[in-house]
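Subject: Structure for you to look through

Hello,

I am handing over the structure we talked about, and below it I have written down what was found. Please keep it open beside you while you read.

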Amino acid sequence: MSDDPGEDEGPSFEERLKAARSRQGLDAPPKSPGSMPGDVGMSPWGIGLRVGVELVSALVVAVAIGYGLSLLFGARPIFIAVFVLLGGAAGVLNVWRMFAPGNDKWMQKRTGRGNRDGGGAGIKH
Amino acid sequence: MAAQGSSIDAMSQFELHPVFGHLGASLGFAQSNLFMIVAALLTLGLLWVGMSPRAMVPGRLQSAAEMAYEAVMSMCVDTIGPEGRGFFPFVFTLFFFILFGNLLGVWPYDFTFTSHIVVTLALTLVVFFLSTGVGLYYHGGHFFSYFVPQGVPALLLPLLVPIEVLSYLSRIISLSVRLFANMMAGHVMLEVFGAFVVMLAGAGIIFWIPSALSEAVLIALIGFEILVATLQAYVFAILTCIYLHDAVHLH
């Protein structure tokens, strides 16, 4: 696959092909939001589920740790009280990581991959 | 099975039953284990049979095998960076194990082993300990600076470091629950609508139209399940790559 002898000329050919294709209007306009088939995960339900899972998972871990520490240091539930707050904060941090501008690796990789796949499909024609 | 009497029993499909008679019963070998082996064999078969012609112009199966290889390889390299090549076998194995596990479950009479939290939690723990180990291997003790956010006054660190650690630990839950919940919810929906079809059709001739509508919903749901199966396998693999990226590059 990658043992092609003419691979060193690959990028320039790819660029020329891309330029030619965009001249002819054959390429879809890049980065049209919501047009990729893989975007179904970004539906409202998908976003809701992702946010919910992130929030709850942090809370679950925190409560588990707090419960364990409370058992370890006697039955006083002070650790649960502290760790519920910390877990809520960690959940919000998870959600912020997911949606922070310029920090969404998931979406970046997707768009990058989509463009590359489009170029590859063009070559094989 | 789904509709016993007048109640819908949507959860019994997830029960484990030993296969292969007495041998399976004494080994504790359930249908879940059987389909794990089937999924592994299908992955091997796709690569083995697909790549056996070694044709310059690939046929269908060889194209599928090559595209599978290239898609996972580009996912690794794009997400993790040049170091991603080293993690390619792991991510490939993980992705195809989950993908075939999810897709097998849509097939009639097959068992979805990814609908058990034990299975997804075990897979997630492998990912978690691997990414933590990779971080320690690449950075040594410096790895723990991952939990110290940059540009924060030192006074806030006692508050923020535990939050970062909790956020890191919550990956275990979020990664496993996401896959498990998606697969289980989908199969419960299939079971419920399948039971609607049978129960309404048996309830008399005036219920045949609602029964047909349920059947239409069921067909749409199966298509949706195939999509969810693929998407969730992809999500699991890409999140594994992102975690490995964090471990290799810290931030």
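Of the 251 residues in chain B, 32% are buried. Please bear in mind that this is a predicted model, for which the predictor gives the complex an ipTM of 0.73 and a pTM of 0.77. Chain B has a mean pLDDT of 87, and 97% of its residues reach 70 or more.

To find your way along chain B, begin at the N terminus, from which the elements run β-β-α-α-α-α-α-α-α, giving 7 helices and 2 strands. The C-alpha trace of chain B spans about 75 × 55 × 40 Å along its principal axes.

Helix α5(B) covers residues 117-139, and its 23 residues reach 32 Å from the first C-alpha to the last, close to the 33 Å expected at 1.5 Å a residue. After the helix comes G140(B), whose phi is positive, near 60°.

Which residues of α5(B) are buried? They are V119(B), T120(B), L123(B), T124(B), V127(B), S131(B), V134(B) and G135(B). The buried residues of α5(B) pack against α4 (84-106), α6 (157-202) and α7 (208-249) of chain B.

Next comes the largest nonpolar core, which has 55 residues, and in which A62(A), V91(B), F95(B), F236(B) and A237(B) have the most contacts. The elements that give two or more residues to this core are α2 (44-72) and α3 (78-99) of chain A, together with α2 (31-51), α3 (60-80), α4, α5, α6 and α7 of chain B. It is α7(B) that gives the most to this core, with 13 residues. Another core lies apart from it and has 6 residues, among them L190(B), F193(B), L200(B) and L221(B).

What is V91(B) in contact with, leaving aside its neighbours within four places in sequence? It is in contact with V72(B), C76(B), A237(B), T240(B) and C241(B).

Best wishes

Key: Residues are numbered from 1 along each chain as its sequence is written. Chains are lettered from A and ligands numbered from 1 in the order in which they are written. This is a predicted model: local features need pLDDT of at least 70, side-chain atom pairs count only at pLDDT 80 or more; totals for chains, interfaces and linings use all residues. Helices (H or I, at least four residues) and strands (E, at least two) are DSSP runs, numbered from the N terminus. The expected span of a helix is 1.5 Å times one less than its number of residues. A residue is buried if 20 or more other C-beta atoms lie within 10 Å of its own, exposed if 12 or fewer, and partly exposed in between; C-beta atoms are placed from the backbone. Two residues are in contact if their C-beta atoms, placed from the backbone, lie within 7 Å. A nonpolar core is a set of buried Ala, Val, Leu, Ile, Met, Phe, Trp, Tyr and Cys residues joined through C-beta atoms within 7 Å. pLDDT is the predictor's confidence in each residue, from 0 to 100.
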